[in-house]
Amino acid sequence: MEKKFEVLPEHIAIIMDGNGRWAKNRGLKRTEGHKVGAKVFEEICEYCAEIGVKYVTFYAFSTENWKRSKLEVTAIMNLFRGYLDRMQERVLENEQAGYRIRFLGAREGMPKDIVSRMDDVERRSADKTRININIAVNYGSRDEIVHGVRDIVREIQNGKISADDITEELISSHLYTAGQPDPDLIIRPSGEYRLSNYLMWQAAYSEIYIDDVLWPDYTPADLDRAIAEYAKRNRRFGGV
């Protein structure tokens, strides 16, 4: 494919927001918005791979989303099961697509059958290099940091490291995104101006782009617009 962008973020993170409002605006159940949003997720994955993005991270289900109605949570989990089943069934197609898929978030508290599917999809795609797709499920940034700190404390208690060994790099290596670059660009559709407990450590120098489009209406053209805006930003990382 001909190079489309002169400046392309290596890592894009997206908060998939607005499914419920999209459905409400159309007099539909919130679950219908999640169904359409799930299709958009797959379309944007494919588009990111086409244009050469190396890492894309989607915020799919937060640690706080368990507070939603049982009906909505069940519907989201079933959509997730369907996605994982398709990934397991399309082995040859996935080989050709070159997607490496990883899931960010706590496995504890997730339905066991879903965790088993997640493990299988991660294992099958572990050697792929075209694009890295992260799906944040049962994810909260504060929870992620707590998990990382606990791991570091255990290493200190076991004599593997000392407190003086703790650096920003060490902390990053104990987060779910270990070994991956921080997001260059964080996109939030739906017009909300907050991170909502998403990648707060990793977002220290990320460019943030807010879009009024609700996620089920999101298109590659909307992503193009966000990337074009990103290209105009002067990323100084604290310098002059």
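## Basis of the model

This is a predicted model, in which local features need pLDDT of at least 70 and side-chain atom pairs count only at pLDDT 80 or more, while totals for chains, interfaces and linings use all residues. Residues are numbered from 1 along each chain as its sequence is written, and side-chain values use heavy atoms, with hydrogens and water left out.

## The surroundings of T63

T63 sits in the loop that runs between strand 2 (55-62) and helix 3 (70-89), where helices (H or I, at least four residues) and strands (E, at least two) are DSSP runs numbered from the N terminus. Not counting residues up to four places away in sequence, T63 touches N138, Y139, G140, D143 and N197, contact being defined as heavy atoms within 4.5 Å.

## Packing of helix 2 and helix 3

Helix 2 (residues 30-51) packs against helix 3 at an angle of about 25°, with the axes 10 Å apart; the axes are lines fitted to C-alpha atoms over the stretch in contact, and angles run from 0 to 180 degrees between N-to-C directions. Helix 2 is therefore roughly parallel to helix 3, a description that applies to angles under 35 degrees.

The contact involves R30, T31, H34, K35, F41 and E42 of helix 2, together with L71, E72, A75, I76, L79, Y83 and R86 of helix 3.

## Two further loop positions

T129, in the loop between helix 5 (112-125) and strand 4 (131-139), counts as exposed at 64% relative accessibility. Leaving aside neighbours within four places in sequence, T129 is in contact with K54 and G98, and its C-alpha atom is 8.4 Å from that of K54, 75 residues apart in sequence.

D184, in the loop between helix 7 (168-172) and strand 5 (185-188), is by contrast buried, with a relative accessible area of 13%. A polar atom of the D184 side chain lies 2.9 Å from the backbone nitrogen of E10.

Definitions and conventions. Parallel < 35°, antiparallel > 145°, perpendicular 65-115°, else oblique. Buried < 20%, exposed > 50% of the residue type's maximum accessible area, 1.4 Å probe, protein only. Polar contact = N/O pair within 3.5 Å; in protein donor to acceptor, adjacent residues only side chain to side chain.
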